[in-house]
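Please keep the model open while reading.

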Amino acid sequence: MTNAYPAAVFFDAYGTLIHFPADPSPFDYMADAVRRAGVDLPRERLDAALNAEMRYFKAHFSSVRTAEDFQRLKMDDARVYVDELGDTGPVRLDVAHMAAELHEAFATRVLPDSLPAIDAVQAAGVRVGVLSNYSYLLPLVLDGLGLADRLDPIVFSAAVGAEKPDPQIFQAAAAAVGAGLKDCVLIGDDLENDVAGGRRCGMPVVWVARDGSAAPPGVATARDLADAARMALAPGWRSLSLNEPVADQPAPEPHDADANA
């Protein structure tokens, strides 16, 4: 007999459940943080220092595996920022303080409709997981936001060795809950990685378009995560965004990987 509900509902992470701050921008935030520390520098120098910090972070974040690694990177990152600022006059910027300010400037936020959607799926007795293109930082970020204990499994590209829309990462997610691709639902905000990827391998998928964007033909579209969760639990969930049934593909052989998302 066909199951009434999916074996699991997977959410994409960034842009779907969580997001980076938009207001104030990290550049505005750090300019204000330096001023609050008693240092007056031209905005050009402040922005150049933050760009250097961002380049350093991008070059090194894929090596993070543990909370200790993350803390070490944040301190190294702050040293790059302070060094790049150069002469700050009589006030010496504290690296640990600037590390905390940089962390806050880029702190990930939980989108307001995330927790109610997770609760709704779990209340139906359905597993809730994450399927994301990201590095080993993702579990640490989710843990810091209080989400890690509510999401199982957390499937991400660096650990799998493949990124959405590659079918391999969808297969890995389904295998993690002991189900077929057609028995899970993905909710995401990216038309290529989430929607096209799900369609390609036969996993039902809901596209979240909070900005009201028009949906491409045949794409199941929600305006928020509450709407998406209802769609994932409603009769007919097996056909979400799928034009025709697609046969399950075998799960990939287990292997170790260290791909940067």
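Helices α5 and α10 cross in a right-handed way; a crossing is right-handed if the near helix is turned clockwise from the far one by less than a right angle, and left-handed if anticlockwise. The model is predicted: local features need pLDDT of at least 70, side-chain atom pairs count only at pLDDT 80 or more, and totals for chains, interfaces and linings use all residues. Residues are numbered from 1 along each chain as its sequence is written, and side-chain values use heavy atoms, with hydrogens and water left out.

Helices (H or I, at least four residues) and strands (E, at least two) are DSSP runs, numbered from the N terminus. Two packed helices are described by the angle between their axes and the distance between the axes. Axes are lines fitted to C-alpha atoms, for helices over the stretch in contact, and angles run from 0 to 180 degrees between N-to-C directions.

| Helix pair | Axis angle | Axis distance |
|---|---|---|
| α5 (residues 114–123) and α10 (residues 225–233) | roughly 15 degrees | within 8 Å |
| α1 (residues 26–36) and α4 (residues 95–105) | about 155 degrees | 9 Å |

The α1 and α4 pair is therefore roughly antiparallel, whereas α5 and α10 are roughly parallel. Angles under 35 degrees count as roughly parallel, over 145 as roughly antiparallel, 65 to 115 as roughly perpendicular and the rest as oblique.

The crossing of α1 and α4 is right-handed. Pro26, Tyr29, Met30, Ala33, Val34 and Arg36 of α1 meet Met98, Glu101, Leu102, Glu104 and Ala105 of α4. Contact means heavy atoms within 4.5 Å. By class, this α1 with α4 contact has eight nonpolar, no polar and three charged residues.

### Lys164

Where does Lys164 sit? Its place is the loop between α7 (157–160) and α8 (167–176). Lys164 counts as buried because its relative accessibility is 3%; buried means under 20% relative accessible area, exposed over 50%, partly exposed in between (1.4 Å probe, protein chains only).

The Lys164 side chain makes a polar contact with the side chain of Asp12 at 2.9 Å. It also reaches the backbone oxygen of Leu131 at 2.9 Å. Not counting residues up to four places away in sequence, Lys164 touches residues including Ile169, Phe170, Asn193 and Asp194. A polar contact is a pair of N or O atoms within 3.5 Å; within protein, one must be able to donate a hydrogen and the other to accept it, and residues adjacent in sequence count only if both atoms are side-chain atoms.

### Ala220

Ala220 lies in the loop between β7 (205–208) and β8 (221–222). Ala220 is buried, at 12% relative accessible area.

Conventions: Nonpolar A, V, L, I, M, F, W, Y, C, P; charged D, E, K, R; others polar.
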